[in-house]
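Please read it beside the sequence and the structure shown here.

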Amino acid sequence: MLYKRNRSGLPQMRQLILSGVPVNGKIFFAAMCSVLAALFFWGARVQAAYRVQPVDETLVVVIDPGHGGENEGTAEGRLTLEDAALEKEMTLVTAKAMYDELCLYDNVEVYLTRTEDVDLSLKERAEFAASVGADFLFSIHYNASPSHDLFGSEVWISAETPFNAYGYQFGCIQLDTMHSMGLFLRGVKTRVNDSGKDYYGIIREASALNIPAVIIEHCHVDEERDIPFCSTSKSWADLGRADALSVAKYFGLSSSALGVDYSGFSETLPEVKEHARVQQTLKDETPPDVCSVEFLDADYQTGELSVTVTAADYDSPLLYYDYSIDGGETYSVLYPWPGSNALEGTYTDTFALSLTIPSGVMPSVVVRAYNLFDVPAKSNCLMSLQEFWYGEEAEEQGAESFAEPEKEQTDSPGTKTFLPASADALEQESPQSFLSFLMLCLLFVVLLFAMILTCQAVSLSLRRRKRGRQRRKEEGDSRNHRK
Ligand SMILES: [Zn+2]
């Protein structure tokens with residue numbers, strides 16, 4: 001599997017997932033962690049189950065276009081999107097398309113909390129849903145992150161039972177739909193405030209009125225990998241129709257107008273317990289458990305440096321990584337973690353990362369791994385002991401720059417170094433250090449044996465001497481006696 005991405009102003013990067021990586025402790029530990037995490041998620045995903053939410057024959061769905069009026073939502077899309085759109089405008093287009101599509105299904109009543117550019121409080125939206133007897137409230141949103149680096153689709157659900165289970169079953173279908181459109185997945189998650197209640201007001205207000213609610217954050221309007229999914233009013237409507245499809249599948253709806261029947265679909269949902277919270281939707285407070293970077297290869301003629309990245313998280317899958325070549329002072333944009341699937345809880349635990357180091361740079365590589373809740377773990381710092389010189393700059397500098405440096409650097413904790421000339425030797429660094437460790441152990445055992453043998457020999461000779469003295473004494477005594 002080859003993965004390639006080139007962002008302006010950053011070194012070109014190429015990575016390929018390795019099938020045969022050296023088995024050392026860290027990798028083994030990472031593999032175990034990811035197996036545990038995968039099993040943990042798999043447990044919930046693998047078993048197909050019925051929708052746990054009971055509903056009457058006629059379904060009532062309320063769609064809430066997020067924001068409105070003076071509450072504009074994110075304005076980050078103004079830089080790039082059609083009509084310099086605000087979030088409140090995008091959500092209205094999406095919600096209306098979702099409404100139109102859902103109205104085509106049989107036995108369903110659909111309502112919108114707003115059809116105009118008006119501001120409603122979250123409480124008013126929830127109260128409206130209650131007033132029409134809503135079975136479910138879907139709040140429609142678009143995302144933006146403070147550092148404009150996150151991308152992908154996510155669903156926020158209630159932490160309260162049984163809405164947590166309902167939200168999780170719906171959220172999985174919704175993310176499946178988003179994934180099939182090509183969006184990166186950020187998971188089905190909960191967020192609670194200091195008093196343990198749902199953090200997001202619309203979910204909290206709806207739960208208080210006994211209505212399950214979710215927030216659909218379709219994608220990020222401020223990240224270039226998500227922009228193609230939300231750049232035009234057509235794409236906002238497409239996402240609305242996709243949302244309607246998820247709702248139809250979740251409730252097992254059928255439509256004679258559309259000629260579709262999803263009545264069996266809600267029997268294939270992930271297994272959940274109605275009155276227990278789904279563990280993987282709860283916030284993972286800890287960073288990934290393992291994150292390390294090791295030297296793999298360096299080509300000083302082209303500036304290509306390859307490193308092996310290994311990471312794992314016990315509690316949630318890994319979503320992104322970024323890297324630094326200046327020891328952690330500045331970082332690249334975020335990249336999707338290879339094999340990341342927030343829905344299945346799976347990811348690749350080890351992969352090779354190839355970086356193009358600009359000429360004249362002595363790189364110190366640091367990689368950060370981010371989990372489902374965007375909590376990062378930082379790797380060790382992998383330092384080069386020589387600058388990369390190539391191309392025109394290398395010719396200007398002359399051959400002396402290529403002189404080998406003395407390999408006498410003492411590694412500080414969390415820092416590893418590598419040298420160009422002995423790259424092959426250093427690639428074997430781990431087995432070699434393991435061998436040294438074994439030799440040391442052997443030496444210790446030999447010394448211990450030698451000590452034991454010496455002690456025994458000394459004590460034996462002492463005992464012999466003592467017995468000799470005793471014998472001589474006894475002989476002397478008997479002689480004196482005979483006299
Ligand atoms: Zn919003």
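## Helix 4 against helix 6

Helix 4 and helix 6 (residues 233-251) pack with their axes 9 Å apart and at an angle of about 135°, where axes are lines fitted to C-alpha atoms, for helices over the stretch in contact, and angles run from 0 to 180 degrees between N-to-C directions. This angle makes helix 4 oblique to helix 6, since angles under 35 degrees count as roughly parallel, over 145 as roughly antiparallel, 65 to 115 as roughly perpendicular and the rest as oblique. The crossing of the two helices is right-handed; a crossing has that name if the near helix is turned clockwise from the far one by less than a right angle, and is left-handed if anticlockwise. On the side of helix 4 the contact is made by Tyr166, Gln169, Phe170, Ile173, Gln174, Thr177 and Met178, and on the side of helix 6 by Leu239, Ala242, Asp243, Leu245, Ser246, Val247, Lys249 and Tyr250, contact meaning heavy atoms within 4.5 Å. By class, the residues of this contact divide into nine nonpolar, four polar and two charged, where Ala, Val, Leu, Ile, Met, Phe, Trp, Tyr, Cys and Pro count as nonpolar, Asp, Glu, Lys and Arg as charged, and the others, Gly among them, as polar.

## The model and its numbering

The model is predicted, and local features need pLDDT of at least 70, side-chain atom pairs count only at pLDDT 80 or more, and totals for chains, interfaces and linings use all residues. Residues are numbered from 1 along each chain as its sequence is written, and side-chain values use heavy atoms, with hydrogens and water left out.

The secondary structure comes to nine helices and 21 strands; helices (H or I, at least four residues) and strands (E, at least two) are DSSP runs, numbered from the N terminus. Of the 483 residues of the protein, 48% count as buried, a term for under 20% relative accessible area, with exposed for over 50% and partly exposed in between (1.4 Å probe, protein chains only). Among contacts between residues at least 6 apart in sequence, 76% join residues at least 24 apart.

## Helix 4 and its two ends

Helix 4 (residues 163-180) has 18 residues and reaches 26 Å from its first C-alpha to its last, close to the 26 Å expected at 1.5 Å a residue, the expected span being 1.5 Å times one less than the number of residues. The helix is mostly covered, with 15 of its 18 residues buried.

In the loop between strand 7 and helix 4 lies Pro162, and the peptide bond that joins Thr161 to Pro162 is cis, with omega near 0°. Just after helix 4, Gly182 takes a positive phi of about 110°.

## Helix 2 against helix 6

The axes of helix 2 and helix 6 come within 7 Å and cross at roughly 45°. That angle makes helix 2 oblique to helix 6, and their crossing is right-handed. Met90, Val93, Thr94, Ala97, Met98, Glu101 and Leu102 in helix 2 meet residues of helix 6 that include Trp236, Leu239, Asp243 and Val247.

## Helix 5 and its surroundings

Helix 3 (residues 122-131) and helix 5 (residues 201-208) have axes that come within 9 Å and cross at roughly 40°, which makes helix 3 oblique to helix 5. Leu122, Lys123, Arg125 and Ala126 in helix 3 meet Gly201, Ile202, Glu205 and Ala206 in helix 5.

The buried residues of helix 5 are Gly201, Ile202, Ile203, Ala206 and Ser207, and they pack against elements that include strand 4 (59-65), strand 6 (136-143), helix 3 and helix 4. Just after helix 5, Asn210 takes a positive phi of about 65°.

## Residues in loops

Asp83, in the loop between strand 4 and helix 2 (87-102), has a positive phi near 55° and counts as exposed at 66% relative accessibility. Asp374, in the loop between strand 18 (364-371) and strand 19 (376-378), has a positive phi near 60° and is partly exposed, with a relative accessible area of 23%.

Leu120 is found in the loop between strand 5 (108-112) and helix 3, and is partly exposed at a relative accessible area of 21%. Not counting residues up to four places away in sequence, Leu120 touches Thr113, Arg114 and Arg125.
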